[in-house]
Amino acid sequence: MRTNNLTVLLFLICLIVATPLSAKEIKVNYRLKWLFNTSVAGDIYADAKGYFTQAGLSVDVKEGSPEKNAINELELNYADFGVASADQVIRALDKGAKIVVIAQLFQVNPMQWIYRADQPEIKTLADLKGRNIGITFGGNDETVMNTLLAAAGIAKDEVTITGVRFDFTPFFKRKVDVWPVYRNSQGVILKDKLGKEGEKVYFFNPADFGVNFVANSVVTSEATVKNNPDTVEKFLSALLKGWEAAMDPANEDFTLKAVKKRDTGTNDEIMRQQLIATRELIKPSAAVKIGTIDIAAWKQTESIMLLEKQIKKPVNIETRLIQIK
Amino acid sequence: MLFRRIYQFLIVYLIGISFLLAIKTGLSLSDYVIPGVALIIETAEMAVKPYFFDVMNTLSVTVLGQFLSIIMAFTVGIAGRRSSWVGSFIKVTAYNIQAYPIVALAPIIFILLGDGFISRLLIASMICYFPLLLSVLGIMATPVKDIEHFYIVTGRMRWQLEVKIRAFENLTKLTTVISGSATLAMAGTIVAEFIAANAGIGYSIRIALYQSDLAKILIALFMIGIIISIYQGILETMGEQIKTKWSISKKGEIL
């Protein structure tokens, strides 16, 4: 009799201990590609609104930086999900990484070029001839510009290529005519600065000339998709819900407040302009569902990287793109 | 000394690579995270030659930067050795400026001087200069009482003699600091190239980082390590020769 009581007691203890465990949130680490700013508004929004918690997830949204590589962290199990640019994904696949893309955040690549409106507008690629073009040697913009010049049949000696970095002085001093920027961050700041001097600017978007080089996407490991499909679905669904809400102009105030909490250095008006610019890149039209993977653009990105000898062999990128409904 | 430096570096490098490869194998990481031996060799075949010239380019700025910083450190160190107001002001300035991270000063330098040779030289000198200055100040501000007393009481002490006495008595310390500062000058030049330059190994490392190419970075580290070991070995050998020569020539004579 005493043994039976003890068994019942043990069973009850197990039940009490097990119940909160099963209800516990699943811990997820999510590594962004860049610092907190409006480029990651949707990620911040999903976190701030508690979408992850509602999905039963405890997501640690971690800021990115040049030294932090989401793909490395996936392999090292420091992160479960991450944001990586298409070139990072394709390079990693070329070197045997076992990763998959589960959503494409930017439908239009923010990497564009800015130039002053007092210069002739670039209406065709041939208009690049004779210009002093800034590129970041080793960066995506170099690959994209090489592709554009090749597509236009422009020889390297028909343009002046200048290596650029974070310091915009050569552009301000007009030593470089066409300067590479992230359209929704640096582009807004430069446009504002030049605007204060009474100067207007244009943006040169490679996508307008047929070069669709994919930018940031959400990635995870093959193992996560295989072993935890439920977590993947919950995470992505909460994340994309956050992005849809953050890109809705009706939620602008909340979005800006949430971003401001993490990006205290940017002034309010610049941040608002950056959010507007981000909206056009993430959701270029109402018909576009955020997260849609543009397979044709990915294939083109792979082809460009092959042509530019950035990778040694085809990686068949289309087999690594998983559009989760 | 030169060969000892080289094989010591090779041992350290091989231990480092082995450690990385052990992690790669242990955690089944892809070549993207940590390159395998085959990829490192393949990359080496492609990158050793251009990286050699890049490191030599960096080294040329390093040598010049170090030379400049030695001259500056000795000039300021000698001027600031006295316990006068000016001497104390120079010391305080040196200590305070040292506290500023170069990455914060670099953008100002690049705006003023552009991203060419002069900026690289200045940053290399700055990084190398402060530790040198502190050592020189420490040495020059500390009297060698036993010897100096004689010249002071006989009324023959001049500032040049004071500097000579203090330098001679601390020769080992000085040569060690100077050869040690070579690595700082190299690091300074690489930082400058990494932040803003269109040449040198720091610039090449930045490009490799853009492309997440750790194999190239490992090759760059090898080239930097081997060349700086040779340079430091040469400096140490020169220091030994100067010490021997100076000791023999003085042999207890008046300095």
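Student: Is B:Ile71 buried or exposed, and why?
Tutor: B:Ile71 is exposed because 12 other C-beta atoms lie within 10 Å; a residue counts as exposed with 12 or fewer such atoms, as buried with 20 or more, and as partly exposed in between, with C-beta atoms placed from the backbone. This is a predicted model, in which local features need pLDDT of at least 70 and side-chain atom pairs count only at pLDDT 80 or more, while totals for chains, interfaces and linings use all residues. Residues are numbered from 1 along each chain as its sequence is written, and chains are lettered from A and ligands numbered from 1 in the order in which they are written.

Student: Where does B:Ile71 sit in chain B?
Tutor: B:Ile71 belongs to helix 2 of chain B, which covers residues 37-79; helices here are DSSP runs of H or I with at least four residues, strands are runs of E with at least two, and both are numbered from the N terminus.

Student: OK, switching to chain A, how many helices and strands are there?
Tutor: Chain A has 13 helices and 10 strands, and of its 325 residues 44% are buried.

Student: New topic: at what angle do helix 5 and helix 13 of chain A cross?
Tutor: The axes of helix 5 (residues 86-94) and helix 13 (residues 295-307) of chain A cross at roughly 65° and come within 10 Å; axes are lines fitted to C-alpha atoms, for helices over the stretch in contact, and angles run from 0 to 180 degrees between N-to-C directions.

Student: Which residues meet there?
Tutor: From helix 5 of chain A come A:Ala86, A:Asp87 and A:Ile90, and they meet A:Trp298, A:Thr301, A:Glu302 and A:Met305 in helix 13 of chain A, contact being C-beta atoms, placed from the backbone, within 7 Å.

Student: Last one, how many residues of chain A are in contact with chain B?
Tutor: There are 18 residues of chain A in contact with 16 residues of chain B.

Key:
Contact = placed C-beta atoms within 7 Å.
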